Amino acid sequence: MQFFFEVLIGGLLSGVMYSFVALGFVLIYKASGVFNFAQGAMVFAAALTFVGFQELGVPFWLALLIAFGVMVVLGILTERIVLRPLVNQPPITLFMATIGLTYVIEGLAQGAWGANVRGLELGIQDEPIEWLMETANISVSKFDLFGAGVAALLVTLLALFFQYTRIGRALRAVADDHQAALSIGIPLQQIWRIVWAVAGFVALVAGLIWGARNGVSFSLTFTALKALPVLILGGFTSIPGAIVGGLIIGSTEKLAEVYLGEYVGGGIDSWFPYVMALAFLLVRPEGLFGEKHIDRV
Amino acid sequence: MTTTVHHAASGEPYLSVNNIEVIYDHVILVLKGVSLEVPKGRIVALLGANGAGKSTTLKTISNLLHAERGDVTKGSVDFKGVRVDQMTPNELVKRGVIQVMEGRHCFAHLSLEENLLTGAYTRSISRAELRESLEKVYHYFPRLKDRRMTQAGYTSGGEQQMCAIGRALMAKPEMILLDEPSMGLAPQIVEEIFEIVKDLNQRENVSILLAEQNTTVALRYSDFGYILENGRVVMEGDAKELACNEDVKEFYLGLSSAGRKSFRDVKHYRRRKRWLS
């Protein structure tokens, strides 16, 4: 039983990591109806920029600030160069544009900082929490717990922002109906700049945590793919959904690996989430918390 | 046209559209020189059949046209003596001109109250003022208050229309461009909405430019009317006079003193009319 809990907790905490990436997707999808394929590349670019500046001898907080600034500028440029000329185009066009954007961001980031794998140090050790080890004999990583804490904070902030602020409301309005938002004087460009900046910030946080765990390398961009089943489970439009989806994916993939893996020869955790997502699509295509498509008949 | 004298009689020109020409997608000429005026505090109806250019005229004024690949190639729009045709919708709303789009366009996943609150986006006001504006809208549309927590997508067509008008009111407009408020609504609801619009016009002194296909109702509630056909104004005049005009009766109200007429004659007449105008 102890082992079960250890696996479960480890799974839940690693699920939080998926949630980080999923959050970035949800933000942009909610506000502009665009599935931003470039979110993974943004995570990579953010982490690389941070590490790059740190290597130049810039102190931690300043590097963090600079990396955030770079992400904001990236967001604003994306709005100006990619999104604005495509206003009122079908979603698939915008989606294709973000695929293109992925390569541009990856290329720029690697061009600027090189393609080496780098380590990232946040000052929190990836070691078991002692008192939990002693009292319950369950090993839980300090780092994972820290990640979960950051996620909880981030989600609370974002949820409050979307639900109760003027800008947050405008963001949701824009997501629902561009034209109507425009007609009541909501400046779309400004709103999109804000969303991309916030998504850039979330990408930075995700990049730092993932980078600290697995090192900053090109493979960070693939974390985006793990976010897909999380989104399908939680719903593309729900911030809490991204978190709950992440927790479910994280825990089930680890449990499946441990308890089912041996029957099929292991390696189950790399594809199990996709099977779950597929099954979920059949039952509840809008996800657990996604907005139901409202159709008047 | 002889009816232009009415402008002076009905008050100061407030919004004036001067000879605008609009082309969609660089090829489709939709408006071929439309001019009209809305005096302060009046309701002016813009009438005509499908595709006559009513919506395009409104969108030209509110500048929502650019988002639809439309271009104004000629003419100008003035509001309170300032040229506004190059302004963004955001600037226009701040100046007091707002459009209520055809087909309601409520934010389906936001509650009715949230829909209304988004309408005040362009105003930087305190919480108390916001509350006050909200109560005012609820005063005019008590139905919205009853259902304020319902997601707009789940409300009826009439409630959505009220929501759309209420949302525009939250921006504290001086001029509302109201596009086809009667669309798809039961006659009773149409009447209810027009009553409220008239009330708003009189009590809040909001000027209204109303695009409608429902000529009967529109003329009953407005002061002045323009009839558009094929991108041109073919007739204009006092709402009451228009409602009595034999041509209007025949072609837009479906009433005729001479009984039923052959469709061929009607078509012929309309073609001649276009050539002349």
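How are helix 2 of chain A and helix 4 of chain A oriented to each other? They are roughly parallel. This report is on a predicted model.

## Helices 2 and 4 of chain A

Helix 2 of chain A covers residues 39-55, and helix 4 of chain A covers residues 91-113. Their axes come within 9 Å and cross at roughly 15°. Angles under 35 degrees count as roughly parallel, and helix 2 and helix 4 of chain A are therefore placed in that class. The crossing of these two helices is left-handed.

Helix 2 of chain A brings A41(A), M42(A), F44(A), A45(A), L48(A) and G52(A) to the contact.

## Helices 1 and 6 of chain A

A second pair in chain A joins helix 1 (residues 2-32) and helix 6 (residues 142-164). Here the axes lie 9 Å apart, at an angle of about 40°. That angle makes helix 1 of chain A oblique to helix 6 of chain A. The crossing of helix 1 and helix 6 of chain A is left-handed.

From helix 1 of chain A come L13(A), S14(A), V16(A), M17(A), S19(A) and F20(A). They meet D144(A), L145(A), G147(A), A148(A) and A151(A) of helix 6 of chain A. This contact holds seven nonpolar, three polar and one charged residues.

## Where chain B touches chain A

The two chains are in contact through 28 residues of chain B and 19 residues of chain A. On chain B, four elements each supply at least two residues to the side that touches chain A: helix 3 (89-95), strand 6 (97-100), helix 4 (112-118) and helix 7 (157-169). Helix 3 of chain B gives the largest share, four residues. The chain B side divides into 14 nonpolar, ten polar and four charged residues.

## I227(B) in strand 9

I227(B) sits in strand 9 of chain B, which spans residues 224-229. Is I227(B) buried or exposed? I227(B) counts as buried, because it has 25 C-beta neighbours inside 10 Å. The cut-off for buried is 20 or more.

Leaving out residues up to four places away in sequence, I227(B) touches L47(B), G48(B), V233(B), V234(B), M235(B), E236(B) and V248(B). F251(B) is 24 residues away from I227(B) along the chain, and the C-alpha atoms of the two are separated by 11 Å.

Key:
Residues numbered from 1 in each chain as written. Chains lettered and ligands numbered in written order. Predicted model: local features only at pLDDT ≥ 70, side-chain atom pairs only at ≥ 80, totals over all residues. Contact = placed C-beta atoms within 7 Å. Nonpolar A, V, L, I, M, F, W, Y, C, P; charged D, E, K, R; others polar. Axes fitted to C-alpha atoms, helices over the stretch in contact; angles between N-to-C directions. Parallel < 35°, antiparallel > 145°, perpendicular 65-115°, else oblique. Left-handed = near helix turned anticlockwise from the far one by under 90°. Buried ≥ 20, exposed ≤ 12 C-beta atoms within 10 Å, placed from the backbone.
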